[in-house]
Amino acid sequence: MTTAELIFQSITSLANPTELAWIEEKREADAKSLALAFVMVPRKVSKNPINKDLGLLAGWNWQHGTVDQLIRVYFLIHLAEKEDGKSRIETLFDTAEMNELVALYRALPALSKPEMWLHRATDAVRSNMGPVFDAIAFGNPYPKTYFSELAWNQLVLKCIFNDKPIHLIEGLDERANQALADTLADFAQERWSAGRRVPSQVWRLIREFDTKTKKQDLERLAASQDPNDQKAAQLVLNNSPLEAWKVLEKEETAY
């Protein structure tokens, strides 16, 4: 089954008969009408939370999504296949309000020729709208697959600078790299100098790389009064498997 077919299969279990009739009518429309339907979705369908894994694409997590978002993505997949679909989607990006942008960015890995939307995806990393940034950063396989190392590092660093949960980034450990490890080591020194702490699970991104201060950093963590820091030092020093880091996948207060 195609991704669109899998999505519609999920939609049939989430929408009522009236909503389904409207969706089936609009998916056959021309590009202009599909773009309009994308905008109209919240007026026609529920915004109920999904709260389950839909099993659509690897790394594409819909457990925190809503029904209206999923239907918007479904329309975008059909729109992308139209002759003038790309220009219509570009216009949607340019004119979208925040909830529409969230759906647009969540849709990127499912669109035909997803690599053509790289410029839009990297724009989302620079966004000051939290839900828009979260739509590209968390539960979305697009950055893992298409971002350059520089763009990837910018995404991860922004999460860390803003105390967001990096373990929700798809591909976090697979795309760890030396440049990111070096930057994080410098970041740790700056935070400590300012009397602030570093989220303990950040050290998972340094575990396989040598940095100028790695030995001293681990000694500091091991001697910390914070049990999370102690655990991070232990995990790095013991070369523990990634599964063991789940104990630190939690919200931590930065101060």
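Start by selecting Ala-110: its relative accessible area is 13%, so it counts as buried (under 20% relative accessible area; exposed is over 50% and partly exposed is in between, with a 1.4 Å probe and protein chains only). Ala-110 sits in the loop between helix 6 (98–107) and helix 7 (118–125); helices here are DSSP runs of H or I, at least four residues, numbered from the N terminus.

A word on the ground rules: this is a predicted model, where local features need pLDDT of at least 70 and side-chain atom pairs count only at pLDDT 80 or more, while totals for chains, interfaces and linings use all residues. Residues are numbered from 1 along each chain as its sequence is written, and side-chain values use heavy atoms, leaving out hydrogens and water.

Now show what touches Ala-110. Beyond neighbours within four places in sequence, pick Thr-3, Leu-57, Trp-60 and Ile-77, which are in contact with Ala-110 (heavy atoms within 4.5 Å).

Next, hop to the loop between helix 10 (149–161) and helix 11, where you'll find Asp-173. Asp-173 is buried too, at 17% relative accessibility. Draw a distance to Arg-204: the two side chains make a polar contact at 2.9 Å (N or O atoms within 3.5 Å, one able to donate a hydrogen and the other to accept it; residues adjacent in sequence count only if both atoms are side-chain atoms). Leu-205, Arg-207 and Leu-242 are among the other contacts of Asp-173.

Last stop: helix 12 (residues 214–223), with Lys-214, Asp-217, Leu-218 and Leu-221 buried. They span an arc of only 95° around the axis, so they lie on the same side of helix 12 (the arc uses directions from the helix axis to the C-beta atoms). Helix 11 (178–193) and helix 13 (227–237) are among what covers them.

Methods
Helices (H or I, at least four residues) and strands (E, at least two) are DSSP runs, numbered from the N terminus.
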